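Morning, everyone. I have one structure to walk through today. Please take a look at it before I start.

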There are 2 protein chains.
Amino acid sequence: MKRRATSQDVADLAGVSRSAVSLVLNGRGQGNISVEKQAAILAAAEELDYSPNPVALSLRTRRSSTIGVVTDSIATAGFAGQLLQGASERAAAHGYLLLVIDSQHDRLAEERAFETLGSRQVDGFIYAAMSLRAYEPSPGLSGSIVALANCFDPAGQLASFVPDEVAGSRSATRHLIESGHREIVMLTGTPDMVASGLREQGFAQELAAAELPVRPPISAGWEIDKGYAAAMHVLTTFEPRPTGLVVANDRAAIGVVLAATSLGLSVPRDVSVIGYDDDENVAPWMVPTLTTVRLPHREMGEAAIQHLLDQIGGAVQTPGAPADKVFLECPLIIRDSVGQPAR
Amino acid sequence: MKRRATSQDVADLAGVSRSAVSLVLNGRGQGNISVEKQAAILAAAEELDYSPNPVALSLRTRRSSTIGVVTDSIATAGFAGQLLQGASERAAAHGYLLLVIDSQHDRLAEERAFETLGSRQVDGFIYAAMSLRAYEPSPGLSGSIVALANCFDPAGQLASFVPDEVAGSRSATRHLIESGHREIVMLTGTPDMVASGLREQGFAQELAAAELPVRPPISAGWEIDKGYAAAMHVLTTFEPRPTGLVVANDRAAIGVVLAATSLGLSVPRDVSVIGYDDDENVAPWMVPTLTTVRLPHREMGEAAIQHLLDQIGGAVQTPGAPADKVFLECPLIIRDSVGQPAR
DNA sequence: CTGAAAGCGCTTACAG
DNA sequence: CTGAAAGCGCTTACAG
């Protein structure tokens, strides 16, 4: 591993001072440095494959081209990794790197994470939640540039980027209605998650808009077995048997299909099923492939970074003024698990 | 956000020079600085809540307490995030942070990633693959401290940490045999993945050890639909019908259970199913819960970091000597999808 | 036993 | 138009 060239090396080779090198390489050469020297510096830099040492730069400028990301849990969920992926790519495109720390839902660890990151001179912070929720900003964040991804500040002081759950749920419900279903039941997630309530709202709104009776959602949950149990209950006891099921998420939908199958029912012939998440390991590969609502994880990551980049670049934000809460679209992904109801 | 205290602040408050502060805070005070001054320095540092600026430290020492991680894809897989999780925690416990870059399986992006990371003065590198494979070391890595996680260097020059796939597959197969199964079929993954071959080996070895006939594995794949199709084929055409199925992974096992169910077969009463991965979103929640072999993702991440830490700390490694290839255990997780065969 | 100096690599006023 | 100097915050020889 060869020693990296420094600005001194470039200056020596070009026969100028380090100041001149710095000026020219930072685009402030014009009017300050003679054209010949500029050319010499550029050539020398090229030849030595020079790029400034980021650490020295950081010490000098108190910036680091690094963004600190704190998450409450990276590992679980899987598709939530797309959020980091989107953030990482967008950041890299602008020369930024991500320093990510997982607080494991531990508030204390979270405070420490922000402090650690701050001491490393990160230029901004993202707090990303693995499932949608309110986030009470850590006091250590005040005065910093920060964006929230998949969570939001109840006080509205921090910019946040969240999925438009209500609209997503509406389009799922609408798709079922437009496919001819009238007996539609929602198998919802656990009440502790704000997504559950939002999706229930969307469901109810769309049914009401279609002037269809709104049935109360059936409490299920987020995992395969929960979807299984709820579907078993609904499919064997509801009279008439529902022909369309809006399910909490794709995993629960696996359970629903499993339950239907074990009852001798076929999806989508006897019952149509629609999931949520567009879980890449599930939805495109289910039998039948799953019609679902996609969560904009990648987009949330990208948008949060972009917001940070804009702020770092000097976009003005009136202090104390409420920050944006941006709702990102949850597109409906149509596959094979929804059909027309038998008449 | 208050200005952080510097060593100068501490020196001023304690009435000594910065050198003294540095010496004492780095544990080299004894025999160099008088006891009283040591106490004064410690007290001042405490009062000012002083900790050295990592950026300045990094410029000075050419170390950064940061480890560069390059992965071929973080996002997909989900449970693979556990690798990063394990690495991140182990690193944090030693004051190290992770700078991770995803190359998206692009070799060029990978080279660039190592370069970027190197210029940021990382103290070591991890290359982590999302699925087990050979990894041809990037030339930019030579001379650096590096560990491979979930991949291995064919030339054996780089330390690597991989799952013991053969043993994992053997214990899955053994579990079926010990449960009384004699008609056992393997539904294997795609041939391009080295895990497929390794698991097939384990399967064959264990069958041979039990003096049972070894049937050739049935090619399936890693996704739900592939498991479904393969199971459909095997369950409807094999005579006698197999009572035990060793499946490529947990997702494919979902498809297997789905297929069995749609054929009116019950798991595990009519057919026992065993997965691979212990996918946390699948195995514990399947109906029935899935007996499976756990992939040591977290352990690979931890072990790789630990290796780096040891090397950074000065553990000697004879240059040119073959590095360790460490096989991490894949424990069998017994749940409800395996039963005794009907007689 | 302790302080002043040098230097990691960079950029930005400041003289000339 | 250009170079010498200062300084970001730290540690490590080096004088005294």
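In what sense do strand S6 and strand S8 of chain A pair, and over how many bridges? A reminder first: this is a predicted model. Strand S6, residues 184–188, pairs with strand S8, residues 244–247, in the parallel sense, over four bridges. Take A:Leu187 as an example. Its bridge partner in S8(A) is A:Val247.

Now the whole sheet. It is open, with four strands of chain A in the order S7-S6-S8-S9, and the pairing is parallel. S7 (218–219) and S9 (272–274) of chain A stand at the edges. Each has a single partner strand, so one side of each is left without a neighbour in the sheet. Helix H9 of chain A, residues 224–237, lies across S6, S7 and S8 of chain A. H9(A) runs at about 150° to S6(A).

Next, the two chains together. The contact takes 44 residues from chain A and 44 residues from chain B. On the chain B side, the elements giving two or more residues are H4, H5, S2, H9 and H10. H10(B) has the largest share, six residues. By class, the chain B side divides into 20 nonpolar, 17 polar and seven charged residues.

How values were computed: Residues are numbered from 1 along each chain as its sequence is written. Chains are lettered from A and ligands numbered from 1 in the order in which they are written. This is a predicted model: local features need pLDDT of at least 70, side-chain atom pairs count only at pLDDT 80 or more; totals for chains, interfaces and linings use all residues. Two residues are in contact if their C-beta atoms, placed from the backbone, lie within 7 Å. Ala, Val, Leu, Ile, Met, Phe, Trp, Tyr, Cys and Pro count as nonpolar, Asp, Glu, Lys and Arg as charged, and the others, Gly among them, as polar. Two strands pair if DSSP finds at least two bridges between them. Axes are lines fitted to C-alpha atoms, for helices over the stretch in contact, and angles run from 0 to 180 degrees between N-to-C directions.
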